[in-house]
Amino acid sequence: MNYNTSGTSGQPVKLLANYFPITSYTNWCLYQYRTDLSPEEDRIATKRELLGQHQKHLGGYLFDGTMLFSGTRFDTPTFELISTRCSDDKIVTITVKFTNITETGDYANIQVFNLLLRKCLRHLKLKMIGRHFYDPDAKIDMIQHKLQLWPGYETTIGRYEDNILLCAEISTKVMRQETVLDFLNQCAANRNRNKDWMIDVIGTTVITKYNNETYKIDDIDENSDPNSEFSKKDGSKMTYIQYKWNITIRGGRQPMLISKNKKSVRRFGAEDTLVYLVPELCIMTGLTDAMRNNFTLMKDMAIHTRVNPKERVERLTNFANRFLSTPDIINYLYSYWNLTLSNKLVELTGRILQPEPIQSRSKGNNGGEEADWTKHLRSLPMFTSATVKNWYILAPRDSCLSNTFLNDLEKVINESNPSLILCVIPSVRGDMYSMIKRKLCIDRAVPSQVVLLKNVQKNNMSLCTKIAIQINCKLGGAPWLVTIPKKGMMIVGFDVCHDSQRKNLSFGALVSTMNDAHTSYFSCVEPHESGEELSVHFATGISSMYDFFLVSQHVRQGTVTPTHYQVIEDTLGLPPNIMQRLTFKLTHMYYNWSGTVRVPAPCQLVHKLAFLTGQNLRRSPNIGLDWMSCYTSFNIAFIFFIFF
């Protein structure tokens, strides 16, 4: 196919991207060597220490425990190094054998670039939390909310067309001023109301008071506490409270937190090493649902986290200059690897697409430059309206959702077979919402709408309009339409979400459009075992013809992160310009928002279906709902587009 992969439609515009070029003064390649130790050694830290005794001879290298990577080729393909193990003065022979050369841009090469990057970032005295680095010295105290904000960077190196680029994005980590014990005490007080309290801890990241190390919590052991014993390396036993942290543990009996040791040896068939943590000595990170629902807190946070384009460019440039002004980094990259980083952001030309016409039943309009057509909704009829023969509104008499309310739902369904049930609930408690959805999505196949009492008491026309739109969509209607000329095309979205309680179980959701207007959907959900991310029906290895970035939504504060799309196969032979326009059109078709969204509607819908199943239903929905659209409100994880 001979066509321009960059697309053509729209008004050209000059842009800066958050990418910095990485350059080399020679044709850079990577030499790969295998290392074998005699006697054998399983501990990676010990292997690194033994190899590090020959730093002067080896020069700059990276080591992953088995393979050694170097930017220069050693004189002989196979040689031996003699080291002394510090723990017992035992002599260890290291055999180094050449295995492969990888050229610039190869996958293994890119992996090594990212390892180099991580090693360099450590010289900036940043703290690694998860996969990204943060600066505790530049923390922002939010005393009124008992929070700290740690500014940081999300970085990765990749190959883009013919260039190797460092992608850098500013980031913020929320550090709470409460320990896990504080949080557990709060949960214990509400335990009768919320039986899923462990979910709020498992999967979160904590930072320890005594050494500022971060750990992901994988489980909670309610049968052990700080007075429980553990075995030391010499076979003797001691309690956790006797361990020398130089901190007094005052909390009494508290369940121990369990984390899989991220520094342990990873071998096929070997069990993970578990680290037990004392809740009182662990500081929580991240936001709770209650914090996210606190308007004042989120508004105060936005002052520091939402930055305009000019400030974002300044902060990224400052990061590059800080990187380049650190002698250890410059010496390491240039002297050992013959690499350097530019402090100039990549310049490129983008295109501004024309607003898409939005069709109602009577006439069309568009959202203008802000892609927002909310003001037109109440004055125009929906594109198609569903017919509702009978529907019910139910509300509990008090704040407790008792079995009586669920029995009332069952009674209404048996006696009246309603087209829809609207449930009014007094609070945003997750268990109340989940109970209703499990009843109406699993036990019975009845479309439902759950609304908060305070929202329907306000007589707010904007809220009422949104509720009416969602009800219409769930019954097969469409509030508006964006014209897609191509006929006979199915658009499929696929996503996976993990079960909120059973971590080894996931749910794969699929939605597909069923008409040329792309307003009618088929949906289904299947369980995935062992937390697999991809369905076995999709190939694990894919390659892309071309990719593109799209900013489809408008924001009034801060800046927008573009969405990255990869066309992995195109059997229709659509030119890139058409594929880009089609993607943009589909971002107008998510009916929970009267404006454009970040991703195409099928992608947003399938994520919400997967999330609803994994977080609330925890079982596949009743097949009677497979033909219903599923609208809730969460964010995208990842998607596949498949065109037939």
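Visitor: How many aromatic pairs does the count come to by the pairing rule?

Guide: A pair of aromatic rings is described by the distance of the centres and the angle of the planes. Rings of Phe, Tyr and Trp (its six-membered ring) pair if their centres lie within 6.5 Å; planes under 30 degrees apart are called stacked, over 60 edge-to-face, and the rest tilted. By this rule there are 10 aromatic pairs. In one of them, the centres of the Trp480 and Tyr591 rings are 4.9 Å apart and the planes stand at 85°, so this pair is edge-to-face. The model is predicted: local features need pLDDT of at least 70, side-chain atom pairs count only at pLDDT 80 or more, and totals for chains, interfaces and linings use all residues. Residues are numbered from 1 along each chain as its sequence is written, and side-chain values use heavy atoms, with hydrogens and water left out.

Visitor: Where in the chain do Trp480 and Tyr591 lie?

Guide: Helices (H or I, at least four residues) and strands (E, at least two) are DSSP runs, numbered from the N terminus. Trp480 belongs to the loop between α13 (461-474) and β28 (491-498), and Tyr591 to the loop between α14 (576-586) and α15 (601-617); the pair, 111 residues apart, links distant parts of the chain.

Visitor: Is Trp480 buried or exposed?

Guide: Buried means under 20% relative accessible area, exposed over 50%, and partly exposed in between (1.4 Å probe, protein chains only). Trp480 is buried, as is Tyr591.

Visitor: Which residues do ring pairs link into a cluster?

Guide: The cluster consists of Tyr33, Phe74, Phe79 and Phe98. A charge sits over a ring if NZ of Lys or CZ of Arg is within 6 Å of the ring centre and within 35 degrees of the ring normal. Arg73 places its charged end over the ring of Phe98, 4.3 Å from the centre. Likewise, the charged end of Arg176 sits over the Phe183 ring, 5.5 Å from its centre.

Visitor: In what order do the strands of the open sheet stand?

Guide: Two strands pair if DSSP finds at least two bridges between them. The 3 strands have the order β25-β26-β27, with parallel pairing. Both β25 (391-394) and β27 (448-452) stand at the edges with a single partner strand each, so one side of each is left without a neighbour in the sheet. Strand β26 (residues 420-425) pairs with β27 over 5 bridges, and Cys423 has Val450 in β27 as its bridge partner.
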